[in-house]
Amino acid sequence: KYEKIWLIFGTATLLVFLSVVGVSAFYLGNQPPSCMATVDPEKVDTLAPFNKPGLNKVEGKEWDYELVFVASAFNYTPGEVEVPLGAKVKVIATTKDVIHGFSVAGTNINMMLTPGYISEYLTTFDKTGEFLILCNEYCGAGHHMMTSKIKVV
Ligand code: CUA
């Protein structure tokens with residue numbers, strides 16, 4: 001009889017742990033490094049798509065535009081970009097130096113940019129307005145000044 005109680009307790013604990021892992025993975029929007037594409041941080045400026053930062057129209061993909069950002073201490077390139085309302089956009093970002101954050105205020109976009117890795121987020125901007133991009137990983141003396149802006153028009 002006691003074995004049965006312990007079995008239920010054990011199973012319940014396992015389920016709790018699994019759901020915690022699931023929820024944190026979902027909210028952080030992070031994927032394990034093994035699933036992420038890589039890029040040489042030293043050559044970021046010369047490699048596609050990072051040689052063309054900003055909004056680029058694409059054909060034959062599930063999304064209409066690629067919105068490419070390169071982060072480095074202490075700014076993002078581009079520093080401001082316009083995105084058409086309702087377009088399906090894949091945000092693609094990386095960093096040239098240290099770990100930076102990439103969170104867009106008022107949206108679900110919140111990524112960590114790690115040197116050597118490419119962070120991606122598929123989204124649709126369905127509200128017009130200006131959305132501030134903030135760095136939410138401490139990256140040095142200029143961390144608090146590190147911003148960019150998405151204008152949805
Ligand atoms: Cu970049 Cu904090």
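Me: A residue is buried if 20 or more other C-beta atoms lie within 10 Å of its own, exposed if 12 or fewer, and partly exposed in between, with C-beta atoms placed from the backbone. Is valine 83 buried or exposed, and why?

Reply: Valine 83 counts as buried because it has 20 C-beta neighbours inside 10 Å. This is a predicted model, in which local features need pLDDT of at least 70, side-chain atom pairs count only at pLDDT 80 or more, and totals for chains, interfaces and linings use all residues. Residues are numbered from 1 along each chain as its sequence is written.

Me: Which residues are in contact with valine 83, leaving aside its neighbours within four places in sequence?

Reply: Two residues are in contact if their C-beta atoms, placed from the backbone, lie within 7 Å. For valine 83 these are Leu55, Leu67, Val89, Phe125, Ile150, Lys151 and Val152. Lysine 151 is 68 residues away in sequence, yet the two C-alpha atoms are 6.0 Å apart.

Me: How many residues has the largest nonpolar core?

Reply: A nonpolar core is a set of buried Ala, Val, Leu, Ile, Met, Phe, Trp, Tyr and Cys residues joined through C-beta atoms within 7 Å. The largest has 21 residues, and Phe69, Ala71, Ala93 and Phe102 have the most contacts inside it. Strand β2 supplies the largest share of this core, five residues; strands are DSSP runs of E, at least two residues long, numbered from the N terminus.

Me: What is the mean pLDDT of the protein?

Reply: The predictor's confidence in each residue, pLDDT, runs from 0 to 100. The protein has a mean of 91, with 92% of its residues at 70 or more.

Notes. Helix = DSSP H or I, 4+ residues; strand = E, 2+ residues; numbered from the N terminus.
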